[in-house]
Amino acid sequence: MRTLFHKISGAFTMFTESVSMSIANITQNRLRSFLTILGIMIGVTAVIALITTVSGVSTSISDSFTSMGAGTMTVAVTGNDMQAGLTTENLEKIKELDDVTGVTPTVSATITVARNGEYESDISLSGKNDYYFSTTDAVSRGRAFNPIDINTMARVCLIDQDMVDEFFYGVDPIGETIYLNNLSFTVVGILADSSGESITEMVSGTSDIYAPYTTVMKLNDATLVTSITVYVDSAAKSDTVKTEVGDYLDSLFSYEDDTYTITTMDSIQETMDSMLSMMSALLGGIASISLIVGGIGIMNMMLTSVTERTVEIGLKKAIGAEPGQIQIEFLIEAFLLSMIGGVIGVVLGIALSAILCHVMGTTFTISYGAIALGVGFSAAVGILFGWSPARKASNLNPIDALRRM
């Protein structure tokens, strides 16, 4: 028992002496040590900053999906030879399904807008129903559409701020007339800056002008709807509703393949998360190259140190130092250099990612996985790239070393 205690005590003493000598050697060569640490520091900073920033972007996107409502889904219909879209009766049938709170059709058109001799072409017009506006804060001033507007195909519209600035400068547009494809429409409301809340608008973008979907269908000389958004009363029931909608559409289109596509918010979020994860891994891999370069710098410094300290190594061996003791001393020095750079890199990386997230307006979230990766990688680099110089030092012949005195 006493022998084991002496062995442990001796090993601990040897370790502490090796750490002390390593620190002394690092401080004696401050400039060279700093330049060596710099490579590791830059590598870890890059890894932490990139991964943490991507993580913040991912969190912001997830929050956006949640705010848009994870219980919505978009149905794009191509139909078959018998029916190439959905009728009003079909929309009512879908609305009557269990757990469905409402259905919003989307009809689009590209139009020419004119007023008082001024006109603008290639303007985006989107057709919506009254239920859509009950689910969003799309109208900043005025009123939204009502069921009467939808049923009578009323020529009323909502315009965004760009349209206000273009055609109603200095005039209150509410109640005024504007011409869409040479047809007079009454402006009943102003759209808020961010009116795209559905999956459809998230993918395709928002429109300049909104009108009742039945009115837009009449402009397009169309009778069928090919795109709808289905609202579910609970996100947990999305899969059930998706199955029910799919069953109804299968029966409607005689169970033919490729007649419709159902896209849920959850599936889009999963795809986005997968893309961001791949991006994070790619950026982390690219940044890790800097750590390898820093490791090469550590190896170069340690090899130079072995050459400079050949006589010191020979003296230590001559008075009884074991090769393992010499090897551990050089390994500790390489490890300390790498870890100093790693710790500084973590601090700088977190600070840099916080700045980047603030500039981009995304959520800043500390990624402990990225920190562990950066510190672990820097430790591994110090050991791996310090092994060869340490091995070389431990294998020096003391007689050859002392001849250089």
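In which loop is Thr-136 found? Select Thr-136, and you will find this residue in the loop between helix H4 (130–134) and strand E5 (139–142); helices (H or I, at least four residues) and strands (E, at least two) are DSSP runs, numbered from the N terminus. Before going further, note that this is a predicted model, in which local features need pLDDT of at least 70 and side-chain atom pairs count only at pLDDT 80 or more, while totals for chains, interfaces and linings use all residues. Residues are numbered from 1 along each chain as its sequence is written, and side-chain values use heavy atoms, with hydrogens and water left out.

Thr-136 has a relative accessible area of 11% and is buried, where buried means under 20% relative accessible area, exposed over 50%, and partly exposed in between (1.4 Å probe, protein chains only). Its side chain reaches the backbone nitrogen of Ala-138 at 3.4 Å.

Next, select the strands E2, E10, E1 and E11, which in this order make up an open sheet of four strands with antiparallel pairing; two strands pair if DSSP finds at least two bridges between them. Strand E2 (100–105) and strand E11 (260–264) stand at the edges with a single partner strand each, so one side of each has no neighbour in the sheet. Neighbouring strands here are turned by 20 degrees against each other on average, direction ignored; axes are lines fitted to C-alpha atoms, for helices over the stretch in contact, and angles run from 0 to 180 degrees between N-to-C directions.

Now look along E10 (residues 227–232), which pairs with E1 (residues 72–77) in the antiparallel sense over five bridges, and which also pairs with E2 in the antiparallel sense over five bridges. Select Thr-229 in E10: Thr-74 stands opposite this residue, and Thr-229 is also the bridge partner of Thr-104. Although E2 is an edge strand, five of its six residues are buried, so E2 is largely enclosed by the rest of the structure.

Helix H9 (residues 238–252) has 15 residues, and its buried residues include Val-241, Val-245 and Leu-249. Just after H9, Ser-254 takes a positive phi of about 55 degrees.

Then select Ile-228, which, leaving aside its neighbours within four places in sequence, is in contact with residues including Met-73, Leu-91, Ile-94 and Val-103. Ile-228 is one of the residues that touch the most other members in the largest nonpolar core, which has 53 residues; a nonpolar core is a set of buried Ala, Val, Leu, Ile, Met, Phe, Trp, Tyr and Cys residues joined through side-chain atoms within 4.5 Å. E8 gives the most to this core, with five residues.

For a last stop, select Leu-183 in strand E8 (residues 183–191), which counts as partly exposed at 30% relative accessibility. Leaving aside its neighbours within four places in sequence, Leu-183 is in contact with Arg-155, Ile-178 and Leu-219.

Key: The expected span of a helix is 1.5 Å times one less than its number of residues. A polar contact is a pair of N or O atoms within 3.5 Å; within protein, one must be able to donate a hydrogen and the other to accept it, and residues adjacent in sequence count only if both atoms are side-chain atoms. Contact means heavy atoms within 4.5 Å.
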